Amino acid sequence: MKITRFYISNFKKFQMSSIQELELEFNQDIIIILGTNGSGKTSLLQELFPSATRGNIFIKEGKKILEITDNNNTYTIITEKQPTESTLTHRFLINEQNVNQNHSFTVQSELIENHFNLTPLKKSIFTNSIRITDMGYSKRKQFFTKINPHDLLSLLSYIENVKKQKKSIKNNIQLLEHRKVTLTSQLLKPEDIKKIKQSIERLSKQLNFHISIQNYAKHEYAKLANIDTTLPDITYKSLSGLLFKIQGYFDKYKIQSPEGLQKQISEIQTQIQLFQKEHDIYLTKAKDLSNEINSLVEQSTKSEKFTSQLLHSIKSIEKQMNKYKPDNESIQPIPESELKYESTILSEIKNHIEPIVSIKNQIPSKLLNSSILPKIHSALEKTNKELTLVQESIDITKNKLKQLQKKLPADHHIPCEIDNNTTYTSTCTILKSYKTFYNSISTDIEQYTKELSTLKTKLTKLQSKHSKLSTYHQTISIFNKHYLSIVNIFDTHPYLFNILSKDKIIQILKSSQPYTLINVVSEYYAQSKKYYTYQQLQSKHNQLVNEYNSIKSNKYTSSTLIQRLLSTKKSELDSLSSKLQSLQKKLKVFNFTLAQLNECNETINEFNSLQSQYQEAIETLEQHLNKTFYSTLVEHESSIIKDLNNQILTLENKLKEQEFIRVRLEQEIDQQLQNLYQKQQLLADIEQSLTAINNTYNFSFLRNILQNVNMILNQIFIYNIQVYNPYLESSDLPDNLDTNELFQFSVKIDDETEIEDISQCSSGQKDMINFAFNLAILLELKFTNYPIFLDEIDRALDNIHRERLLLFLKSIIDQKLVTQIFLVSNTYFHEALLGQYIILDNRIGIDATYNQNVTIVKQ
């Protein structure tokens, strides 16, 4: 099976690429589809796969043709959308003969599946959609079981059925065992049964005694039966007749109670009121239509005014067009869909201009430049260092002053005159030496005090400089932040750059009138609105002019229009008349029903009155009848007899129940338990055998697939990579093996690095492992007479592995493992492949002359 030709027009997914028509003829077995993101590569790949198209893929109208050769037959799959139709039309041609006569989607799908045997499983394999690395162990088990050629699904169904039967039998055994314990606990002891029998004999003697007393009491009470306690026949008949009549109404109208009757009467009255209102509304409408018809008849002579009114409307619109004509047509207007954001954009720009205005006076405008920020930042760091050094010098000077002051005595007085007595000669020498030392220290203190004053002055200047630089740095940062926010607004709405460049924006912001920016943007929105208003007026003007010319050329007078309106209004009047007649019939039926229900209500009131009289008569008669001792005795004895009968019946039932329990335990429960134990053992043996068969089939199938997967991977990767499962490498499987463990696929790289499962590999490795599994399944199931469709499977590969992958794809074509390969990529690194190129978008950097047998019509 090979795809030989493909054609599509007005494809929605090609809008970004501006491709109106695309026609492809495939003369090679490897086809590479190139293009930038969004150019429609993947969508084209999906449309190349033979399938019935569902949903509207075209812009208003379009056509898709897919031509396939298979077994010396030519198949053409056609999908078409006409502008006047809402659904797609499907055709399936075999050697130019259409076999989908009804153009049905369902028939198209069945024809494709039947002729090409394209099941959903094959589609998943051929499109490389199966992602084994993304499946859990149980999902992998379900998948490989489903595709296994040995029909393991049926086998698993049998195993599941056996498990259900085992579970059911186990539940039944538990129920029976519980029932056996319950019944055994209900069995009475022999001495208890003997006591029950004795109680029945005793109660039977008591029963016979009380029956004899009751018979005597009845005989005596019968003597009082001659007293007439009945009502006159006419009263009873009257009640019966009324009740029969009421029941007839209730059955006819499906009424359950007198309350239901009142509710139904209320509902019918409400419905009659609604119908009456609707009748009045229709009647009013009919009168209005009659007045309109009369008015139209009167105006039929004035139809010539229509043309003059139309001409007046044209002139009025022309005046409005002159008012809204754009001042500058060279400026491209704002897209109409963006006009709604005017207030939001102006508000955002204003919010950013206000902080700029508030900081402009804090710094010269020439410094409002992002390039000067590094210099200010550097000056700040330098000033910080100088401040630190000066502060350290001040601290050192202060410490030296403290040390010198400590060396001075507490009393700084030194005697000025010394006696010439020799006794004091040595003392005078010491005092002179001390005075010299004191003067030296005083000089040092004075020097350090001056130095400290100088350092404090320098510190004050540096602090002032640091504050000024910080203010500059903060002000410029705020300016840049709001400037960039304004530029970001322009980037979000790029049409604003039609009137202002970034340089112009910053120039306005630095000027004395930054709010000019808001005025410029606001004016741009105003001009754009004016432009669209002018366009609407121009469209309406053209429409009215065309209508005027049509009326003038075809002599289409307003008289004809009035006649049409008259015809329409008369039709509406006839329809209203019909509705009025229908409502009148309904009102007649509901009024009749209401009359019947009211009659029923009156009958109920009469019945209640007679019943009350009848009850009063009965009560009067009962007052004359005194209950005798015998009537009381009859009732008392009846109660005792009934109680004795119930006690005897209860005891007899208890004896029967004991006998039933004993028989059931012996004949039913024990025998059922024995049968269930045998069935339980048989099902366990069957389950073990079927599970062993399932594991064997899975074992062989998986081992063959893994061998092919490793063969494919080692032709693609430059290092040795092996996907394996330790259980599949042994000859026998453990008896207690969890079958999910068969589907844990580990990875070994160069016999050194081990990865626990393929889901933990890198993106490029996982893409190649999934591709290898898809191809290995294709080979194992012998699906080799089909093309395969690969969507950017090389996206995570480096150039070396991408080239090895492409060489491998060429080898499977040479070995005829597949008929064709359709490869989507956004990287041009396929020179070694020597396939057929389809370049959808020149922006990828490849000249469209590389296209082979490709016809592209741009919009």
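Okay, let's start with helix α18, which gives the most to the lining of the largest cavity, with 4 residues. Before going on, this is a predicted model, so local features need pLDDT of at least 70 and side-chain atom pairs need 80 or more, while totals for chains, interfaces and linings use all residues. Numbering runs from 1 along each chain as its sequence is written, and side-chain values use heavy atoms, without hydrogens or water.

So what did the search of the whole structure find? It turned up 1 cavity of 30 Å³ or more (on a 1 Å grid over the protein atoms alone, points where a 1.4 Å probe fits but cannot get out; lining residues have an atom within 4 Å of a point). The largest cavity holds about 50 Å³ of space, a volume being what probe spheres set on the points fill. Around the largest cavity you'll find I125, F126, N128, F771, N774, L775, L778, I788 and L790. Three elements each bring at least two residues to that lining: α3 (120–126), α18 (763–780) and β11 (788–791). By class, the lining has 7 nonpolar and 2 polar residues, and no charged ones (Asp, Glu, Lys and Arg are charged; Ala, Val, Leu, Ile, Met, Phe, Trp, Tyr, Cys and Pro are nonpolar; the others, Gly among them, are polar).

Let's zoom out. The protein chain comes to 19 helices and 14 strands, which are DSSP runs of at least four residues (H or I) and at least two (E), numbered from the N terminus. Of its 859 residues, 35% count as buried. Take the contacts in the chain with a separation of 6 or more: residues 24 or more positions apart account for 75% of them.

Now the sheet. Picture 7 strands in an open sheet, in the order β7-β6-β5-β4-β1-β2-β14, with antiparallel pairing. At the edges sit β7 (97–98) and β14, each pairing on one side only. Two strands pair if DSSP finds at least two bridges between them. Strand β1 (residues 2–11) runs antiparallel to β2 (residues 19–25), over 5 bridges. Within that pair, R5 stands opposite E25, and Y7 has E23 as its bridge partner. What about the other neighbour of β2? Strand β14 (residues 854–858) pairs with β2, again in the antiparallel sense, over 5 bridges.

On to T53, in the loop between α1 (41–48) and β4 (58–70). Is T53 buried or exposed? T53 counts as buried because its relative accessibility is 6% (buried is under 20%, exposed over 50%, partly exposed in between, with a 1.4 Å probe and protein chains only). Its side chain makes a polar contact with the side chain of K64, at 3.1 Å (N or O atoms within 3.5 Å, one able to donate a hydrogen and the other to accept it; residues adjacent in sequence count only if both atoms are side-chain atoms). Beyond neighbours within four places in sequence, T53 is in contact (heavy atoms within 4.5 Å) with E47, K64, T79, L88, H90 and F105.

Last stop, two asparagines. Most residues other than glycine have a negative phi. N72, in the loop between β4 and β5 (73–81), has a positive phi near 65°, and at 83% relative accessibility N72 counts as exposed. N117, in the loop between α2 (105–116) and α3, has a positive phi near 55°. N117 is partly exposed, at 41%.

Key
On a 1 Å grid over the protein atoms alone, a cavity is a set of points where a 1.4 Å probe fits but cannot get out, and a pocket is an open set with protein on both sides within 12 Å along at least five of seven lines; lining residues have an atom within 4 Å of a point.
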